[in-house]
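Work through the exercises below with the sequence and the model open. Each task is followed by its solution in steps.

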Amino acid sequence: MTRSWGFCFLLITILVALVASTDPDKNKVKVLRELKVINASNANVKQCLWFAMQEYNKESEDKYIFQVIKTVQAQLQVTDRLEYFIDVEIARSNCRKLSNGTENCVIEENTKLEKKVMCSFLVGALPWNGEFTVMKKQCVDA
């Protein structure tokens, strides 16, 4: 009996030591440079926005491709990657998703297909490696 109490005490001691040694801040991403408004014509912003729109159109159930009408604001925060917060207004174009190119697409205006959406994208980027990830996306009808 004494032996089982000793074993239980040992397990409890190990468990308490593990819990006490867990650092909750250890898994937080360290911000190296705070959020700063940047120019929307920045090459990395354009690259991130292109990637975000590819992902948006892939995930969208709409039959048509959406394109950016206006970039409202772009911000950059530096963590273990470059994090771009991009606010845009997008709209449905006349190009179906199955078409090969988007260079001749026109935004639908004054038709029953007209649809505008406001989106905020958070894109994590390591542009020097060609790595982009949409970390967060929030869109609402405009």
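**Exercise 1.** Decide whether Cys119 is buried or exposed.

Solution. Take the cut-offs: buried means under 20% relative accessible area, exposed over 50%, and partly exposed in between (1.4 Å probe, protein chains only). Cys119 has a relative accessible area of 2%, so Cys119 is buried.

The model is predicted: local features need pLDDT of at least 70, side-chain atom pairs count only at pLDDT 80 or more, and totals for chains, interfaces and linings use all residues. Residues are numbered from 1 along each chain as its sequence is written, and side-chain values use heavy atoms, with hydrogens and water left out.

**Exercise 2.** Find the disulfide partner of Cys119 and describe the link.

Solution. A disulfide is a pair of cysteine sulfur atoms within 2.5 Å. The sulfur atoms of Cys119 and Cys139 are 2.1 Å apart and form a disulfide. Cys119 lies in strand β4 and Cys139 in strand β5 (residues 131–141), 20 residues apart, so the pair links distant parts of the chain. Strands are DSSP runs (E, at least two residues), numbered from the N terminus. The torsion about the S-S bond is about 115°, so this disulfide is right-handed. Cys139 has a relative accessible area of 28% and is therefore partly exposed.

**Exercise 3.** Describe the disulfide of Cys95.

Solution. Cys95 is joined to Cys105, S to S 1.9 Å. Cys95 sits in strand β3 (residues 82–96), and Cys105 in the loop between β3 and β4 (116–126). With -115° about the S-S bond, the link of Cys95 and Cys105 is left-handed. Both Cys95 and Cys105 are buried.

**Exercise 4.** State how many disulfides the rule gives.

Solution. The count is 2 disulfides. With the bonded cysteines numbered in sequence order, the pairing reads 1-2, 3-4.

How values were computed: Helices (H or I, at least four residues) and strands (E, at least two) are DSSP runs, numbered from the N terminus.
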